[in-house]
Amino acid sequence: MTKQKLGLNTICTHVGDIKDEQFNGAVSPIYLSTSYQFEDVDVLRYPRYFNTPNQEYLSKKIAALEHAEAAMIFGSGMAAISTSLMAFLSAGDHIVLQKDLYGGTRNLVETQFDRYHIEYTFTEGLKLSDFEKVLQPNTKMIYIETPSNPLLKIVDIKEIADLSISRNIISVIDNTFASPVIQNPIDFGIDIVIHSATKYFGGHSDICAGAVASTQEHISTIWNLAKNTGGSLSDFTVWMLERSMKTLGIRVRTQNRNAKKIARFLERHERINKVYYPGLKSHPDYKLAKTQMKSFGAMLSFELIEGIDASAFLKALNLIKPTMSLAGVESTMLLPYKASHALLSQEERDAQGITDRLIRFSVGIESRKDIIQDIEQAILKTSSKVLIN
Ligand SMILES: *Cc1c(COP(=O)(O)O)cnc(C)c1O
C-alpha cells in the first residue's frame, strides 16, 4: 500500500479496523476474552494491561487522529487524566495548571495532591506570562485546557508548548472541548493529549470512556502506572466507541457548522446579553483561536438578558435537552452555576463571570432551523411570563 496521508474521515472510518479473518465481515470483531495464550507470544494480553485486540486497535485510530505515535483508552476521562498526571509526578514535583479547568480535574488536584506531596499552582490568568511567573525549579508539568469551560477562553497552545520545551517540562492538554477534528495540539509541540471520550468520541451520550495520546515513550510511562491502577474500559464499550468514532468527523463538522451559525443568531438576538464563542469576531481570543483551531467547535455559552429566568427558559425548551454533560448528537444546555460549577462559591463564580443567567450550550446535529426555532419559542414564552407577572 502506498504511504499516502489519509483524510480525517478515512481515519475515523478505517484506521484500527480489526480484520475479520474468519468470516470477512465488514466491521471489527469484538474480543471479550480475559484469558489469552501466554507461551510463545510477544505480548501477554489482558484487559487490565490495556492490550486486548479491541483496545490495541482502537488506540491506533485515536493516535492517528491526534497525530501521535501511540494512545491508550481508559474507563473514563478522569481515569485518563489521573493516571497521566500520577504517572509523571512524584513527591517534591510541581505542576502548573490553568485557572479555568474541568471541575473534576481541579478537584483531583486540590483534594489528593497534598497527600502525595505534589506541589501545584493554578495560574491567575491564561496568558503566557501567567504561566511563566508561577514556574518553579521543580516544575515538572504544565496542564492546559482550551477552549475552557464554560466561557470558551483560549490558551495559546504553541506558546505553552514552546515554554515547556525550553524548560524541559512535560506539557499536557485536555482536548475534549475541541476534539481532534478541530484541534491537534501535538502539531504545536504539546507532549500529551487527553480526552474525555465520554464526549465527542462517544458522541451519543451513552459511553463513559477516556483516552490519552502521546509519544510511545510517554505512553509506556503512563501504561506502567495504568496496569497497576487498572482504569481500563470493557471491550464491549471499546467496540461501541470504535463504532461511534467512525462518525466523529461528520458529527463534529456538522455540530461545528450549526454552532457557528447559531452563535451569530444568538449574538444578534435582542434578548440575549452576551455570547461566548471563539468563532465570533467579538470574542477576545478570536484571532488566537484562528491560529490553532481548524474551526471553532460546537460548544458555546450565552447569557440571557435580565428579567428572563434561565431555569424557566430551559424548562420551556421542547427540542433541546436540559441535561448534564456535552457533545452528544443531540443539543443540550445546562446552567453552569447549578451544574458544572456548583461547587464554586458565589464570589468565585462572580470573579469568573459565571452568572445565574449563563447557559452552556452543546450544539447537536439537528436541523439548524429547528434548534433556532426552539430557542426562539422558549425565549418568547419566558419573556412574556416576565412581562405578565
Ligand atoms: C467530561 C470531562 C472530563 C471528565 O471526563 P469523564 O469521562 O466524565 O471522566 C474531563 N475534561 C473535560 C473537559 C470534560 O468535559
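Lys60 lies over the face of Tyr57, at 4.8 Å from the ring centre, and a second contact of this kind places the charged end of Arg106 over the ring of Phe122, 4.0 Å from its centre. These contacts are read from a predicted model, in which a search of the whole structure also finds eight aromatic pairs.

**Aromatic contacts**

- Among the eight aromatic pairs is that of Phe302 and Phe313, whose ring centres are 6.2 Å apart and whose planes meet at 90 degrees, so the pair is edge-to-face.
- This pair links distant parts of the chain, since Phe302 belongs to strand E9 (residues 299-304) and Phe313 to helix H11 (residues 310-316), with the two residues 11 apart.
- Phe302 is buried, with a relative accessible area of 0%, and Phe313 is likewise buried, with a relative accessible area of 0%.
- Phe122, the residue whose ring carries the charged end of Arg106 over it, is also joined through ring pairs with Phe113 and Tyr120 into a cluster.

**The largest pocket**

- The lining of the largest pocket consists of 23 residues, and those that lie nearest its centre are Tyr102, Gly103, Gly104, Ser340 and His341.
- Helix H4 (residues 103-112) supplies the largest share of this lining, namely five residues.
- By class, the lining of the largest pocket divides into nine nonpolar, eight polar and six charged residues.
- Both domain 1 (8-245) and domain 2 (250-382) give residues to the lining of the largest pocket, and therefore the pocket lies between them.

**The second largest pocket**

- The lining of the second largest pocket comprises 10 nonpolar, five polar and four charged residues.

Key: Residues are numbered from 1 along each chain as its sequence is written. This is a predicted model: local features need pLDDT of at least 70, side-chain atom pairs count only at pLDDT 80 or more; totals for chains, interfaces and linings use all residues. Side-chain values use heavy atoms; hydrogens and water are left out. Rings of Phe, Tyr and Trp (its six-membered ring) pair if their centres lie within 6.5 Å; planes under 30 degrees apart count as stacked, over 60 as edge-to-face and the rest as tilted. Helices (H or I, at least four residues) and strands (E, at least two) are DSSP runs, numbered from the N terminus. Buried means under 20% relative accessible area, exposed over 50%, partly exposed in between (1.4 Å probe, protein chains only). A charge sits over a ring if NZ of Lys or CZ of Arg is within 6 Å of the ring centre and within 35 degrees of the ring normal. On a 1 Å grid over the protein atoms alone, a cavity is a set of points where a 1.4 Å probe fits but cannot get out, and a pocket is an open set with protein on both sides within 12 Å along at least five of seven lines; lining residues have an atom within 4 Å of a point. Ala, Val, Leu, Ile, Met, Phe, Trp, Tyr, Cys and Pro count as nonpolar, Asp, Glu, Lys and Arg as charged, and the others, Gly among them, as polar. Domain bounds come from an automatic or database domain assignment.
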